[in-house]
Every structure is written in C-alpha cells, then in structure tokens.
Amino acid sequence: MKKLLEISLGVVTSVGGFLEVGSMATAAQAGALFGFQLIWAVALGTICIIFLVEMAGRFAAVSRHTISDGIRERFGFNAFIWPLLAALLVNFLVLSAEIGGVAIAAELATGIGFQWWALPVAFFAWLLLWKGTFGLIEKGVSILGLVTLCFVVAAVMLHPDWKGVAAGAVPSLPQHDTAKYWFMAVSILGASISPYLFMFYSSGAIEDQWDKSYLGANRAIAGLGMTFGGTISVGVLIVAAVVLGANGVTEVDDYNQLPLMLIPIFGFWGFVLFVASLAVACFGATLEVALQQAYLVAQGFGWTWGEDLKPRDDPGFSLVYTLSLFLAAVPIALGLDPLKLTIFSMALTAASLPLTVVPFLILLNDDRYVGEHRNGVVSNTAVIFIIALGFVLAVVTIPLQIFGGT
Amino acid sequence: MVAGFIFMISSDCNEGKMVGPVIRLSRACLPLLLLALTSCSSSDTAEQQTELASSTAQAAAMVTDAWLSGAAPSCYASSALLSFAETLADAARQVQSASPSDPARRDALSTALSRLSNAANQAASAVKTEHHAQADQAQQELRAAQGDLAKAYSEYFAPQR
C-alpha cells in the first residue's frame, strides 16, 4: 500500500514537473507553424526521457551513487570535467530561461516588465531552497504543476482531427520552412531530454534513500509519469495548432502571443490558467535546475550535499545554488528575451547531450555498478539512436537558424 | 560579418599546427556559412518579414477581440498590442531597407506594414484608456490593413510586366 502511494505520488510529481518553459515554448511554436506534424519529435523525446529517467533511478537504487558521482568515480576527475562543464553551461541557460518564464508570467499578470521580476523570482526561489526541504521542493511545487493539465483538457475540448494527430506521430518531411522545421524538432528533443531532468531524478532517489526494492516503483514512475508529462506537451502542441496556427498566428516569436492559446477556449479563465501554468511550471523547474547545479558541483568535487541538510552543514552546496540563481537572473534582468533564450538553450541542450549521456550509458552497462541490473539492448539502442539524431540535427540546424537559412 | 568571419578563418590558416583542427572545422563550416550568406536576398527579407507581420497582425486582432469580449485584462492587452506594433514597425523598416528590382512594389509593401503598425498602436491606446469604441475602430483598421498587406504581398511577388 505504501509503495502504491509512493508510485502515485511519484507519477503525479513527474506529470506536474514535466512541463516547463522549454517544452511549452517549443511545442507552441511547432504547433503554430507546422500543425500536428512535429508530434513525433515530442513522442521521440518522451521515449528517450522515459529510458533515461528509468536508468537514472535504477542506477541510484542499485549502486547508491548519483550519476555525476558515478561518472567522476568511474572515469576520473579529468574526464568528468567535460560533461560537468557542458552540463553546467546548458543548465545555466535553461535556468535563466526558466527564471524568464516566471518573470513573463509575472509581467502578464501585472503589466510590469519581466526584467523587473528576474531578481525577485531568483530571491524567492533561493529562499525556498534555503529554508525548504527536498520533499517540499519535489512534491509541493510539482503537485501545483498539475494545473498544466489544462492544456490536455483544452486539446480535448477543441475536438482536433485525431487522425491528423495520429499521423503527426509518424516522422514526415516538411512542406515549407525546412530549416525551421528541423530546428524546431531539435529544440523539442532538447526540451524533452533535458539532462537536468534525469540527473535531478538520480539525486532525488539518493535523497529519498532508494534501494533495490524501489526498482519496480522506479519503472512505473518513469514510464507513467513521463508518458503523462509528454501528453501535456502534445496537448500544448495541439492547442497551438488549432487555436494559433489555424487562425493565421504561425510565427510565435513574442511571448505575448502565448496566452492566446487558452483564451478562446476558457475565456478570461484561459488567461488565468495560462499565467498560472507558466508561473508554476517554470518556478518548479527553476528550483530543480538550481538544485541540480548544486548537486553537480558538490557531487563532482566530493563535497557534503543534501537539500535536507541545513545550509551551514553543506556550505559549498548552498553557495552553488545561491550563485547559480542570481547569476542566471542577470541576463533576464538585463532584458534578454526569455522566449528566444529558451528556444536557443533547448537546441544547445540537444547538441550537448552526447557529452552527458554517453558516459552515463557506459555506467549503466558496467557490472561493477549495476550488476545484474545492467542495461538491455533495447534501451541502449533507443537512447543512442535518439541522442545521435538530436546531436546531428542540432549541429546542422543551429548555424542555419543563427544565420537565417530557410 | 559572416564574410569577415570566413576571411578571419582563412587568414589564420597557415599560422602553425595548433590551428589544424580550426582549419578543418572552418572547412566543414564554410558550405553552411555560404548557404547562410546566399539565403539572405531582398526577396527573402520581404517574404520573411511579411509572414512575420501577417502572423503578428493576426495575433493583434485576436488580442483586441479578447479584450473587447472581456477575456483579456487591459494591462496584458495594451502591452501585447504595443509589442506587436513594434514588431510590425520593425518589419516595415526592414522591408524598406531591402533593395529589390521594383522599388514601387517594395514601398507598397512597406506602407501596408506601417499601416498595420499604426492600427496596432491605436488599439493599444484604446485599450489603455479602456475606450471600447476606439478599440473596435482600431480592430476594423487592423482588418483593412491586413487586406492591404495581402494585396501588396501578392503584387510584390507577381511576375514583372
């Protein structure tokens, strides 16, 4: 009974924590410009993150190591420094984008420019991390994140062409804007397969003291939680396609266009639901990414770490999330467009994936860490294929997007 | 800027073994950069800016509709409309700075974009002052300017007589 409750709570947490500014913005842009045609990218990204999250939980439960801990121990610090730097850089951009997401929500609600909200948002997040516990961060904010289910409700209420939706789950070539199509596919993959998601999950498993008895629960949480989470992203894409794209709003380049997704369906409450979804989803992600930065550095350098410890007991860990939050708020406070930063950081995430995922895959195939629970052929092949696809597409499309190819 | 970057890479090519990987990388990137360079013609600019403007104008009309029906708060609607007006004005400037074979057609396109921008600005002011009749009028002006844009766009890409 206790396990069932834990699984349910884990699934709810995964669902509530799945949507953030990256998945919301990329799905909205993709739906508006390409209709249902890029649903396959969301599906592929979700399959990949299911495998990676399951692996991260399994690795933590069996080896009692977090991913960064394992990589440093297995490959040595000199080899660990590259994935560490890549993850820190990408997480920094993602953290900045998430703070930007909350700041946009605050601007939409109050009319006061998003720049003014960046530092207060960072301060509030810092206060929660400083005073709060892991349970509060993990479950409290994620449960609030269930408000994002409004996109699924909206998608159903719109009665989309379900055959078209199903057809979109199969990869197809674009009829127009080829470079943009592939860039969007890369951004969606990057948003779905954010390294912070599975790295945070492994740290969380250690914080929650998982052991081998949690392997079943881990599988259920990864499978169900991520599938439901992916469904919300598909919901955003469908709503964007039917409400924005079908009405001629095909270029979602301005965050002011985003609330228009829900207003025609729910009226004024659509506006409220959108603002609440954006604020809660991005704030939850802000807390998670900031914590992940601290986990990465503390685990990499072998410092004491744990969100449940008092800051005076893990000063290095606390210092890292403090610095990360305030530094990441600076670009937004200086007026950098959060939407553009989001899309770019998601594409960069896809490009950086091999650096973080390949060492992790090697660990998952190492008997010394996972023994009989090592990876199977299917999970190895699926993850390698999707990561390679994301990497190749990112390397080709990022320069084209920057220099304006069509 | 891109051309400068290519020149920078080529001029550094023979300065020692350390630049070997850079040379290889630059050779691999050259086709991409050239593709990017060639993709920025004036008709592309006009096409891209018109598509962006058409989408932004439609968003402006949707926001005005939402505000008129009480589904969007004034602070959001006015700041969104101002932002859309700025995007439209920028599109007009970019089209105006392009150098096509027929300047008259370019001017017509640019004028239609400016009209859209003005209409979005009017809508923003009306929303800010909570003036429904003016907002309604600005909405009609937006629709009319959208028609102008569609006409100017099709003429811009029509074969030369």
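Which residues are buried in helix H4 (residues 67–75) of chain A? Select that helix in this predicted model: Ile67(A), Ser68(A), Asp69(A), Gly70(A) and Ile71(A) are buried.

**Around H4 of chain A**

Next, display the surroundings of these buried residues. Their cover includes helix H3 (39–63), helix H5 (77–110) and helix H11 (195–207) of chain A. Helix H14, helix H16 (338–364) and helix H17 (367–370) of chain A also contribute to that cover.

Now inspect the two ends of the helix. At the start of H4(A), select Thr66(A) and Asp69(A): a side-chain oxygen of Thr66(A) lies within 3.3 Å of the backbone nitrogen of Asp69(A). Just after H4(A), select Gly76(A), whose phi is positive, at about 90 degrees.

**The nonpolar core**

Proceed to the largest nonpolar core, which comprises 186 residues. Select Leu38(A), Phe198(A) and Met261(A), the residues with the most contacts inside this core. Then highlight helix H14 (residues 268–301) of chain A, which gives the most to the core, with 16 residues.

Return to Leu38(A) and show its neighbours. Leaving aside residues up to four places away in sequence, Leu38(A) touches Ala30(A), Gly168(A), Tyr181(A), Met184(A), Ala185(A), Ile188(A) and Leu237(A).

**Chain B**

Turn to chain B, and colour it by secondary structure. Chain B holds six helices and zero strands, in the order α-α-α-α-α-α along the sequence. Of its 161 residues, 43% count as buried. Among contacts in chain B with a separation of 6 or more, 74% join residues 24 or more positions apart. A surface display of chain B corresponds to an accessible area of about 8500 Å², of which 58% belongs to carbon and sulfur atoms.

**Confidence**

Finally, colour chain B by pLDDT. The chain averages 78, and 71% of the residues score at least 70.

Select residues 1–23 of chain B, where pLDDT stays under 50 and the model has 12 contacts beyond four places in sequence. Residues 25–40 of chain B also have a pLDDT below 50, with 18 contacts in the model beyond near neighbours in sequence. Where pLDDT is low, the predicted coordinates should not be read in detail. For the complex, the predictor gives an ipTM of 0.86 and a pTM of 0.87.

Notes:
Residues numbered from 1 in each chain as written. Chains lettered and ligands numbered in written order. Predicted model: local features only at pLDDT ≥ 70, side-chain atom pairs only at ≥ 80, totals over all residues. Heavy atoms only, no water. Core = buried A, V, L, I, M, F, W, Y, C linked by side-chain atoms within 4.5 Å. Buried < 20%, exposed > 50% of the residue type's maximum accessible area, 1.4 Å probe, protein only. Helix = DSSP H or I, 4+ residues; strand = E, 2+ residues; numbered from the N terminus. Contact = heavy atoms within 4.5 Å. pLDDT = per-residue confidence, 0-100. Polar contact = N/O pair within 3.5 Å; in protein donor to acceptor, adjacent residues only side chain to side chain. Areas by Shrake-Rupley, 256 points an atom, 1.4 Å probe, with all protein chains shown as cover.
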